[in-house]
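Please look over the sequence and the structure shown below. A report on selected parts of them follows.

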Amino acid sequence: MLLAIDVGNTNTVLGVFEGRRLLDHWRVETSTRRTSDEYGILVRQLFTHSGIDPVKVSAVAVSSVVPPLQFSLEKMSERYFRMRPMFVGPGVKTGMPILYDNPREVGADRIVNAVAAYEKHKGALIVVDFGTATTFDAVSARGEYLGGCISPGINISMEALFQNASKLPRVEFARPPHVIGRNTVHSMQSGLVYGYVGMVDGICARMQGDLGSPVKVVATGGLAPLVASESKAIHEVDEFLTLEGLRIIYGRNHAT
């Protein structure tokens, strides 16, 4: 069994694979203050709750955009699973050429998403990930990572409105009854939901122009389903894209 860990700036997603099958998955808050023992105990509690035997874990793969957590996760894996984890980064075989000016600058999650999406669709792609930042990543028809766009995430934008406009409340990211809001909450929700939908559709259209041919647009991340339901550009939502990418990359580095 493989324990896959995707560490984002806001949330950490964990999944356990038995071969190609995802047995269970969990989402927890990312905390740089959490020790290796706290992570170990938390993970074991999640396993127990799902009836999964942690002794059967034979590999750990990690994608992280939070460097301070690497030491804690490495020690957690060594103490609680008796193995060194594989961290996606320089020196790890992804099977995908990275055509960025400096490949080391690309977030591990962006590469993992691109690998998973290309493995599934085998064609030109745009991957939109609604995380702490909203990222757009382009993959060529030959399976090359070309680059992309990074914009503020939905929750960052919501929090910025609340923090910096004294009369605006903190609101839920939800579809309002009408685009033309008739109260402050609905007006803010309209701006957030349809503003992000417009951004996604606009950026995807421009990226498709650069790619020069029709592409499949795949979305992932916790808020992807709501945006995708209103978007004309997004073709598919894949909740487990990053976990699948970790499974694929681990297999490419430990082929039997």
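The sections below cover a sheet, a hairpin, some aromatic rings and one arginine.

## Basis of the report

This is a predicted model, in which local features need pLDDT of at least 70 and side-chain atom pairs count only at pLDDT 80 or more, while totals for chains, interfaces and linings use all residues. Residues are numbered from 1 along each chain as its sequence is written, and side-chain values use heavy atoms, with hydrogens and water left out.

Helices (H or I, at least four residues) and strands (E, at least two) are DSSP runs, numbered from the N terminus.

## The five-stranded sheet

Five strands make up an open sheet with mixed pairing, in the order β3-β2-β1-β4-β5. Two strands count as paired if DSSP finds at least two bridges between them. The edge strands, β3 and β5 (86–87), each pair on one side only. Helix α7 packs on this sheet and touches β1, β2, β3, β4 and β5. The direction of α7 makes about 125 degrees with that of β1; axes are lines fitted to C-alpha atoms, for helices over the stretch in contact, and angles run from 0 to 180 degrees between N-to-C directions.

Strand β1 (residues 2–7) has partners of two kinds. With strand β2 (residues 11–18) the pairing is antiparallel and has six bridges, and Ala 4 is opposite Gly 15 in β2. Three residues lie between β1 and β2, which form a hairpin. With strand β4 (residues 59–64) the pairing of β1 is parallel, also over six bridges. Here Ile 5 is opposite Val 62, and Asp 6 has Ser 63 as its bridge partner.

## Burial of strand β1

Buried means under 20% relative accessible area, exposed means over 50%, and partly exposed is in between (1.4 Å probe, protein chains only). Six of the six residues of β1 are buried, so the strand is largely enclosed by the rest of the structure.

In a regular strand the side chains alternate between the two faces of the sheet. In β1, Leu 2, Ala 4 and Asp 6 point one way, and Leu 3, Ile 5 and Val 7 point the other way. The residues on both sides are buried.

## A second hairpin

Strand β7 (residues 133–139) and strand β8 (residues 145–152) run antiparallel and are joined by seven bridges. Val 139 is opposite Tyr 145 in β8. The hairpin of β7 and β8 has five residues between the strands, and Gly 143 takes a positive phi near 85 degrees in it.

## Aromatic rings

A pair of aromatic rings is described by the distance of the centres and the angle of the planes. Rings of Phe, Tyr and Trp (its six-membered ring) pair if their centres lie within 6.5 Å; planes under 30 degrees apart count as stacked, over 60 as edge-to-face and the rest as tilted. The structure has three aromatic pairs. One of them is Trp 26 with Phe 47: the ring centres are 5.6 Å apart and the planes are at 25 degrees, so the pair is stacked. Trp 26 is in strand β3 (residues 21–29) and Phe 47 in helix α1 (residues 36–50), 21 residues apart, so to speak of this pair is to speak of a link between distant parts of the chain. 

Phe 47 also pairs with Phe 81: the centres are 5.9 Å apart and the planes are at 50 degrees, so this pair is tilted. Phe 81 lies in helix α2 (residues 69–81), and the pair ties together parts that are 34 residues apart in sequence. Trp 26, Phe 47 and Phe 81 form one aromatic cluster. Phe 47 is buried at 0% relative accessibility, and Phe 81 is buried at 5%. Trp 26 is buried as well.

A charge sits over a ring if NZ of Lys or CZ of Arg is within 6 Å of the ring centre and within 35 degrees of the ring normal. Arg 44 lies over the face of Phe 81, at 6.0 Å from the ring centre. The charged end of Arg 247 sits over the ring of Phe 17, 5.9 Å from its centre.

## Arg 252

Arg 252 is in helix α7 (residues 241–253). With 29% relative accessibility, Arg 252 counts as partly exposed. Which residues does Arg 252 contact, leaving aside its neighbours within four places in sequence? They are Lys 93, Thr 94, Gly 95, Val 115 and Glu 119, where contact means heavy atoms within 4.5 Å.

Arg 252 and Thr 94 are 158 residues apart in sequence, and their C-alpha atoms are 6.9 Å apart in space. The side chain of Arg 252 reaches the backbone oxygen of Thr 94 at 2.5 Å. The Arg 252 side chain also makes a polar contact with the side chain of Glu 119, at 2.7 Å. A polar contact is a pair of N or O atoms within 3.5 Å; within protein, one must be able to donate a hydrogen and the other to accept it, and residues adjacent in sequence count only if both atoms are side-chain atoms.
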